[in-house]
Amino acid sequence: MRTNTRSMVLAALFVAITAIGARLSFPLGQISVSLQFMCSALAGVLLGPLWGTASQAVYLVLGLVGLPIFTLGGGPGYLLQPSMGFLFGFVLAAWVIGMLTRGPQGRKPLRVALACVAGAAAMYAVGVPYMYLILNVYMEKALPVWTVVTTGMLIYLPGDAIKVAATAILTAALPAKAFPQT
């Protein structure tokens, strides 16, 4: 019971950390650059696939019910934002990263970095098609796929590389006992 309580508290902490990461942003292209992916990645590594994913899912639900914790606010209307698919992608990214960093060797920096790259790929696999649909179907912009890939992913990859490196460095610096994966 004590382990579940601790895990729930840590998951709640990552909900708050991700909300703060959303506010540390600046606009670039169709969406903003924020620290949300890094927070999602840290949740996956530090809390594991179950609780890391739970933290990001709770963050998503709280934002959709109206708490202004996303980069541009919150509420059900956010489902029509081009960036909403990336928020769904953070949930998947936390799970992928948590799965790939499980076990005693899971926090080695190279393994964390590779897991974060896989998590980013999962995030983009959800976010870019969602963005394409919102921009082209809902907003009727008639943008080609390549334009959406460029403006929704390619321009963000250098920043994501920095976030991946920072996640690997941070998790290596934290004692494993502080965040035991469950």
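The expected span of a helix is 1.5 Å times one less than its number of residues, and helices (H or I, at least four residues) and strands (E, at least two) are DSSP runs numbered from the N terminus. The model shown is predicted: local features need pLDDT of at least 70, side-chain atom pairs count only at pLDDT 80 or more, and totals for chains, interfaces and linings use all residues. Residues are numbered from 1 along each chain as its sequence is written, and side-chain values use heavy atoms, with hydrogens and water left out.

**Figure 1. Helix 3 and its surroundings.**
Helix 3 has 17 residues and reaches 25 Å from its first C-alpha to its last, close to the 24 Å expected at 1.5 Å a residue. Because 12 of these 17 residues are buried, helix 3 is largely enclosed by the rest of the structure; buried means under 20% relative accessible area, exposed over 50%, and partly exposed in between (1.4 Å probe, protein chains only). The buried residues of helix 3 include Met-84, Phe-86, Leu-87, Phe-90, Val-91, Val-96 and Ile-97. Gly-85, Gly-89 and Gly-98 are also among the buried residues of this helix. The cover over the buried residues includes strand 2, helix 2, helix 4 and helix 5. With contact defined as heavy atoms within 4.5 Å, Leu-87 is in contact with Gln-36, Tyr-59, Leu-60, Phe-70 and Tyr-78, leaving aside its neighbours within four places in sequence.

**Figure 2. The largest nonpolar core.**
A nonpolar core is a set of buried Ala, Val, Leu, Ile, Met, Phe, Trp, Tyr and Cys residues joined through side-chain atoms within 4.5 Å. The largest such core has 46 residues, and those with the most contacts inside it are Phe-37, Leu-47, Tyr-59, Phe-70, Leu-87 and Ile-97. At least two residues of this core come from each of helix 1 (2–23), strand 2, helix 2, helix 3, helix 4, helix 5 (145–152) and helix 6. Helix 2 gives the most, with 12 residues.

The largest pocket has a volume of about 350 Å³. On a 1 Å grid over the protein atoms alone, a pocket is an open set of points where a 1.4 Å probe fits, with protein on both sides within 12 Å along at least five of seven lines, and lining residues have an atom within 4 Å of a point. Grid points are joined across faces, edges and corners, and the volume is the space filled by probe spheres set on the points. Of the 23 residues that line the largest pocket, Ile-31, Ser-32, Ser-34, Gln-36 and Ser-83 are the closest to its centre. Strand 2 (31–33), helix 2 (36–64), helix 3 (84–100), helix 4 (109–138) and helix 6 (157–173) are the elements that give two or more residues to the lining. The lining residues divide into 14 nonpolar, 7 polar and 2 charged, where Ala, Val, Leu, Ile, Met, Phe, Trp, Tyr, Cys and Pro count as nonpolar, Asp, Glu, Lys and Arg as charged, and the others, Gly among them, as polar.

Ser-83 is found in the loop between helix 2 and helix 3 and is buried, with a relative accessible area of 14%. Neighbours within four places in sequence aside, Ser-83 is in contact with Ile-31 and Tyr-78. Leu-67 is also placed in the loop between helix 2 and helix 3, but counts as partly exposed at 41% relative accessibility. With neighbours within four places in sequence left aside, Leu-67 is in contact with Leu-62, Gly-73 and Gly-74.

Helix 4 has 30 residues and reaches 41 Å from its first C-alpha to its last, close to the 44 Å expected at 1.5 Å a residue. Just after helix 4, Glu-140 takes a positive phi of about 55 degrees. Most residues other than glycine have a negative phi. Glu-140 lies in the loop between helix 4 and helix 5 and is exposed, with a relative accessible area of 66%. Ala-142 lies in the loop between helix 4 and helix 5; its phi is near 55 degrees, a positive value in a residue other than glycine. At 67% relative accessibility, Ala-142 counts as exposed.

**Figure 3. Ala-19 in helix 1.**
Ala-19 has its place in helix 1 and is buried, with a relative accessible area of 14%. Not counting residues up to four places away in sequence, Ala-19 touches Tyr-59 and Ile-69.
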